[in-house]
Each structure stands twice: as structure tokens, then as C-alpha cells.
There are 2 protein chains.
Amino acid sequence: MDIIISNSSGKPIYEQIVLQIKEGIITGRLKPGEALPSMRNLAMQLRISIITTKRAYEELEREGFIESFTGKGSFVKAQDPELLREEGFRQTERLLIQAVEKAKQSGIGQEELTELVKLLYEGE
Amino acid sequence: MDIIISNSSGKPIYEQIVLQIKEGIITGRLKPGEALPSMRNLAMQLRISIITTKRAYEELEREGFIESFTGKGSFVKAQDPELLREEGFRQTERLLIQAVEKAKQSGIGQEELTELVKLLYEGE
DNA sequence: TATAATATGTATAACGTATATATACAATTT
DNA sequence: AAATTGTATATATACGTTATACATATTATA
């Protein structure tokens, strides 16, 4: 599980971690029962404090994605992936509607817009 | 010029004001030379501090959208069409980035996403 | 098997930055 | 002169991040 932190993202570090682990779980790259990197290892690797990794894991635990055990580690919980995927689709659609509306309002054509989508999807 | 502040938006108040006034200017609802609500009136109406409205107007002034005169008020500046176009592009890109990110997190592929964009763009 | 060493998650207090504020000051219009 | 406008200074609050010490489970070793 490779996690990448961007300083220019504007999002807090702990949130970037949460999102990337969620993505792994939703897409199935992280399977139920699978061990996550320990808070210490992840903190060391990202050169951040263990408190920040703990905060991320706490958030994931609160949302039911993982569970942690003192002395053992943190693990992916059993999920209903189809449900997660559908929720993700709904959220994506909602965001996309706003973007398309703004594009029309700004005189950006459909071709230019889809081209921009491709660029953004591939770039990072 | 009706401005609406949402506490659940996650965005700072001053930024919400900036975005809504920008949109008014870009769409032409606010015309060059037109007077904006005074900082005090807007602050009173939104039940926030004048300092926050001032911060929003400062930002708009810095970006060349409005200008303010002590004792007179704040007014929409004459606009460079190129500037407006670029601002529209920036806002679209910003929204699109969020949508693309959510799509990735949800396991939605690039093809599926661009297809969705086309549907949304054409549909009404 | 017993126990020390190592690895894991947890808890407390503190710091820096950004957002939002109250209040007093300065300039223009009425 | 009175009222309306924008401006400036110092302060409070919330959020993100951190260092360090503590508690529990696993692993190595005698």
C-alpha cells in the first residue's frame, strides 16, 4: 500500500491518507483482513508524526473501514464493496454536475472539457 | 446582489463571498461600475464581522475584479474579457479536479468518466 | 518454558497558522 | 455637523501537526 503525500494539495495530511486508503478498499486493492502499515512505519516512511497517522486511522475506524488492536496492528474490515461503489458514483456525479455547469457558464466546449478530464485523470 | 453563506460548506466565509461575487461578474449579472453592497451592510445582512467582508473585498480587489474608495463604496471594475475567461477556466478546473479525484476513489475509470461528462453536458 | 526485547496502538500537552472578530480611526457624501 | 463609507490594530478561536511517554501484544532467546 503506497501512500503519497502532496504538499500542494491543500488537503490536510491525515485526510490524504484517509482518502487513499479508502480508495484502496473501495477498488478492492486492499482486501478485508489485510494488514495496513503500522502507524509508526507509515509515519516514518512519510516523514510525519505518528500522531498524524493515528488521526487518519482513527477517522477510518470511525467510518467503519478498518479496525486497530493495540500491540497487533490495523486491519481492513469486512466491507460491502458494491454499496461503497454506488455511493462513490453518486458523489462523483454530484461533483461532475457542478463542474459541467461551470464549464458551460464559462464558454468551455464539450471537447475541451473531456480533454481536460483526461489530463486531470492521468496527471497524478 | 444576494449572497448566501453556508456553514456546512467547509469553505471560509470570506471565500464564499469572493466566489459568489466573481460569479456575478463573470456571468454579467454584475456590470462594470455597478455598486456592491457596502462592507457594513453586507456584514450586517450576513450577521458577520465587517472585517470578514473587508477581507473578501480585498481579495477581489487584489484580483482586479472590483475597486474600493473610502467614504464612497466598492464598485465593479471594467473587466478584461481575457481575465474573465481565464477565471472561468480556473473555476471549472477546480471543480473538475474534485470530481476526478472522487471518481478515482470510487473506482470509476477514465472512459466511464468521460462518457458521464458527455451525458451531463448534452442532457439539458 | 520464562523472560527480555521488539513491535504494535494510545494518551497528554503544546505549538503554529488561518479564520473570524471588536473597536477605533479616516475620508466622503448628505 | 451628521451619517455613511472604507481602513487599521490587536485579539480570540479552531484546526492541523508535533514530541514524548505509556500500555499491550508478539517475537527472540536463554
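**Before you start**

Residues count from 1 along each chain as its sequence is written, and chains are lettered from A, with ligands numbered from 1, in the order in which they are written. Because the model is predicted, local features need pLDDT of at least 70 and side-chain atom pairs count only at pLDDT 80 or more, while totals for chains, interfaces and linings use all residues.

**Stop 1: chain A as a whole**

Helices are DSSP runs of H or I with at least four residues, strands are runs of E with at least two, and both are numbered from the N terminus. Trace the chain from the N terminus: the order is α-α-α-β-β-α-α.

Now switch to the C-alpha trace. Along its principal axes it spans about 55 × 30 × 20 Å.

Color chain A by burial. Of its 124 residues, 25% count as buried. Buried means 20 or more other C-beta atoms within 10 Å of a residue's own; exposed means 12 or fewer; partly exposed lies in between; C-beta atoms are placed from the backbone.

Next, consider contacts, meaning pairs whose C-beta atoms, placed from the backbone, lie within 7 Å. Among contacts in chain A between residues at least 6 apart in sequence, 55% join residues at least 24 apart.

**Stop 2**

Select A:Arg47. Look in the loop between α2 (39-46) and α3 (50-62) of chain A. Phi is positive here, about 60 degrees, although A:Arg47 is not a glycine. A:Arg47 is exposed, with 7 other C-beta atoms within 10 Å.

Move to B:Arg47, in the loop between α2 (39-46) and α3 (50-62) of chain B. Phi of this non-glycine residue is also positive, near 60 degrees. B:Arg47 has 7 other C-beta atoms within 10 Å, so it counts as exposed.

**Stop 3: where the chains meet**

Show both chains. How many residues of chain B are in contact with chain A? There are 28, and they touch 31 residues of chain A.

On the chain B side, select α4 (81-105) and α5 (110-122), the elements that give two or more residues. α4(B) gives the most, with 16 residues.

Finally, color that side by class: 13 nonpolar, 10 polar and 5 charged residues. Nonpolar covers Ala, Val, Leu, Ile, Met, Phe, Trp, Tyr, Cys and Pro; charged covers Asp, Glu, Lys and Arg; the others, Gly among them, are polar.

Methods. Two residues are in contact if their C-beta atoms, placed from the backbone, lie within 7 Å.
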